[in-house]
Amino acid sequence: MWNFECDWYSPKSLLSIPTHYDLPGDRFIPNRSLMDLDQAQSLLTNRTKKIHNKQFNDVYRKKVDEQLSLDSEGNPFKMLVFRGSPKSSRKSIRHIDEIREGEARALQNSCNPYMLRKLPKGESRILDAPNIRNDYYTNLLDWGKNNILAVALGSEMYLWNSQNSNVLKLFTVTNNNYPASVAWSNDTRYIAIGFMHSNLQLWDPETSKLVRNLEGHDQRVATTAWNSHILTSGSHDTSIINHDVRARNVISRVKAHKAEVCGLKWSSRGNILASGGNENVIYLWDSSKMSSSNFLNCFKDHSAAVKALAWCPYDSDVLASGGGTHDRCIKLWNVQKGTCIRSIDTKAQVCGLEWNRHHKEILSGHGFSTSADQNQLSLWRYPSMTKIGGLDRHTSRVLHVSQSPDGLTVVSAGADETLRFWDVFGPPVTQNSHTSDLNSLLSLKISPIR
């Protein structure tokens, strides 16, 4: 500590000397016109004598030096050096982290969609479906992206608008040549309808007029599937035909199945076709090589007809298939490896499969069974395939299932001549759906820097 010889520089002295300046100063920002920097430097550098205090002896000075240069553990203390928190406070910080982790786990559990979502107690709507054919091998129901449901009831073809509930009869056929398959095109410009007497037709839903007859089959056409402008049909004559609806011709015909082709489904990317047959076999076809009749793979693990086929929306390599009365199994296949990755006995005929696009689940429609689970819609968690629950309001077997364009509602057609609508897939899960006060306060994250 130092003492200067004069105190003319004190604030009192400065205030007593009037100073003139051009611009007024700011009370927070010093004005250089009030300062004499040369005198200030002289006063700071020309110190004269030291102050001596008898109480400030060497022992006291050593103690002060230790307090300023050593930390609480006696280690050298340095300023502005990045390092961890002292061990004395580590426990409290770790305790806070444990609280955060615990709260995060609790929040995650509470936000589990399987805990929050519940199966509906009943249907949201029921429509009469008189004369719908009780035939496992047909595919008489399809919900288009235009939100119009196409359904064949006996010899009549109907369109039901789910937005305004308007009903349109598209046509009526004679001579028992009833529809056996129905499929909307991806752009909803056409409806493809296969018939019992080998006919395959394209209809315009806007004008309710027949656009074209497609030739090639000589027995009933019970399954159809679209891949852009390509319409694929499967028949009781065991053949699969690809039609280009733009050119009015047949692109390719393959014949590998030994019995009726009762299920067809294109992958979401349109590069692989899955076909199921009444001889219990599934074939996989490369879209670019179907003209050669060389299939990619063949699955023979089912022990009954395979009608139900569905590609997983969140794993393009996974295909789900369902077997008939003597099989009763849902199987998941890895199409790249050619292996069955999961198989579960549902104890009932599997008539249809629909993936939930918003949650990792798959819905199955069932028919004949030796257990109490017949005529039921069952919801399964993917990939464990544990059963979430069942809906058993149909009084006869579930023949067909289809889902709405938004993926929230499923319609089932039963042999009890009813169409039942189920809000079973629930709303989409969003990351911002669930929040808590602690989440906003602590962000539920462990501090990366102490």
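**Figure 1. Helix α3 in close-up, spanning residues 58-69 of this predicted model.** We start our tour with a helix of 12 residues, α3, which reaches 16 Å from its first C-alpha to its last. That reach is close to the 16 Å expected at 1.5 Å a residue. Look next at the covering of α3: the helix is hardly covered, and the count of buried residues among its 12 residues is zero.

Figure 2. The protein has six helices and 30 strands. Of its 450 residues, 44% are buried. Take the contacts between residues at least 6 apart in sequence: 46% of them join residues at least 24 apart.

**Figure 3. An open sheet of four strands, in the order β12-β13-β14-β15.** The pairing in this sheet is antiparallel. At its edges sit β12 (221-227) and β15 (249-254), each of which pairs on one side only. Averaged over the sheet, and with direction ignored, neighbouring strands are turned by 20 degrees against each other. As a reminder, strands of a sheet pair through backbone hydrogen bonds, either parallel or antiparallel.

**Figure 4. A closer look at the pairing of β12 with β13.** Strand β13 covers residues 230-235, and six bridges join β12 to this antiparallel neighbour.

**Figure 5. The cis peptide bond between Tyr382 and Pro383.** Here omega is about 10 degrees.

**Figure 6. Thr188, a residue with a positive phi that is not a glycine.** The phi of Thr188 is about 60 degrees. You will find Thr188 in the loop that lies between β8 (179-184) and β9 (191-195). Is Thr188 buried or exposed? Thr188 counts as buried because its relative accessibility is 17%, and the cut-off for buried is under 20%.

**Figure 7. Asn280, another loop residue with a positive phi.** Asn280 is not a glycine either, yet its phi is about 75 degrees. The loop that holds Asn280 runs between β17 (272-277) and β18 (282-286). With a relative accessible area of 22%, Asn280 is partly exposed.

Figure 8. For residues 391-424, the end C-alpha atoms lie 9 Å apart, with 50% strand and 0% helix.

**Figure 9. Confidence in the model, and two stretches to view with care.** The mean pLDDT of the protein is 83, and 74% of its residues reach 70 or more. Over residues 1-14, though, the pLDDT is below 50, and this stretch has 20 contacts in the model beyond near neighbours in sequence. The pLDDT is also below 50 over residues 433-450, a stretch with 25 contacts beyond near neighbours in sequence. Where pLDDT is low, the predicted coordinates should not be read in detail.

Methods: Residues numbered from 1 in each chain as written. Predicted model: local features only at pLDDT ≥ 70, side-chain atom pairs only at ≥ 80, totals over all residues. Heavy atoms only, no water. Helix = DSSP H or I, 4+ residues; strand = E, 2+ residues; numbered from the N terminus. Buried < 20%, exposed > 50% of the residue type's maximum accessible area, 1.4 Å probe, protein only. pLDDT = per-residue confidence, 0-100. Contact = heavy atoms within 4.5 Å. Expected span 1.5 Å × (residues − 1). Pairing = 2+ DSSP bridges. Axes fitted to C-alpha atoms, helices over the stretch in contact; angles between N-to-C directions.
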